[in-house]
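I opened a new page for this protein chain and wrote down what I looked up, one topic to an entry.

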Amino acid sequence: MDLKALIRDIPDFPKPGILFRDITTLLRDPAGLKYSIDTLAAKVADLHPEYIVGMESRGFIFGAALAYKLGIGFIPVRKPGKLPADVHCVEYALEYGTDKLEIHQDAVAPSCRILIVDDLIATGGTAAATAKLLQEIGANLVGCAFVIELDALNGRSLLPDVPIISLVHY
């Protein structure tokens, strides 16, 4: 299936000079969404994850669906102040300033096999911060999976040495 045909390009969003890859058109297409989840599931099955970790917010969409397909649990990683219980936190650099990501302290037992899932990897900052957070709490990161990868931004270079799976490359 040609997933690129289901991903809408939005020029100059969120600011001039950016070409935004809009997945809402993929999500509304039943066959495209099913194909995305089924293909990710087939590609990550040999990694034997125990949990999927997805980052706010589009990582929740693909991560939860993939966890369901694989019959495993889903764990959200969120922006500060969104999780109700005690959290582990990591701060990471943005183009201008910093941001933080949080995970519940009781979400992951040490050595659990974790697969990070998000809709897109661009510069890799969010995925790298999530990987760092998981490694700091003793999780066993077995891979990362994305629907879209923006190859020119080389975000995968920031990730640990684990399998990285992307369905669509731009």
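**Entry 1: the sheet**

I began with the strands and found an open sheet of 5 strands in the order β4-β3-β7-β8-β9, with parallel pairing; two strands count as paired if DSSP finds at least two bridges between them. Helices (H or I, at least four residues) and strands (E, at least two) are DSSP runs, and they are numbered from the N terminus. I noted that β4 and β9 stand at the edges with a single partner strand each, so one side of each has no neighbour in the sheet. From one strand to the next the twist averages 20 degrees, where axes are lines fitted to C-alpha atoms, for helices over the stretch in contact, and angles run from 0 to 180 degrees between N-to-C directions.

Before going on I wrote down that this is a predicted model, in which local features need pLDDT of at least 70 and side-chain atom pairs count only at pLDDT 80 or more, while totals for chains, interfaces and linings use all residues. Residues are numbered from 1 along each chain as its sequence is written, and side-chain values use heavy atoms, with hydrogens and water left out.

I then looked at two of the pairings. β3 and β7 run parallel and are joined by 4 bridges, and Gly 54 stands opposite Val 117 in β7. β8 and β9 also run parallel, joined by 5 bridges, and here Cys 144 stands opposite Ile 164 in β9. Although β9 stands at an edge, 5 of its 6 residues are buried, where buried means under 20% relative accessible area, exposed over 50%, and partly exposed in between (1.4 Å probe, protein chains only).

**Entry 2: the helix α2**

Which strands of the sheet does α2 touch? I found that α2 packs on the sheet by touching β7, β8 and β9, and that its direction makes about 150 degrees with that of β9. α2 has 15 residues and reaches 21 Å from its first C-alpha to its last, close to the 21 Å expected at 1.5 Å a residue; the expected span is 1.5 Å times one less than the number of residues. Its buried residues are Gly 32, Ser 36, Ile 37, Thr 39, Leu 40, Ala 41 and Val 44. What covers them includes α1 (24–27), α3, β7, β8 (140–149) and β9 (164–169), contact meaning heavy atoms within 4.5 Å.

Which residues does a cis peptide bond join? One joins Phe 13 and Pro 14, with omega about 5 degrees, and Pro 14 has its place in the loop between β1 (8–11) and β2 (19–22). The peptide bond from Glu 56 to Ser 57 is cis too, with omega near -5 degrees, and Ser 57 lies in the loop between β3 (51–55) and α3 (58–70).

His 48 is not a glycine, yet has a positive phi of about 50 degrees; it lies in the loop between α2 (30–44) and β3 and is exposed, with a relative accessible area of 52%. Ser 111, also not a glycine, has a positive phi of about 75 degrees, lies in the loop between β6 (98–104) and β7 (113–121), and is exposed at 53%.

**Entry 3: the whole chain**

Last, I counted 4 helices and 9 strands in the protein chain, and buried residues make up 44% of its 170 residues.
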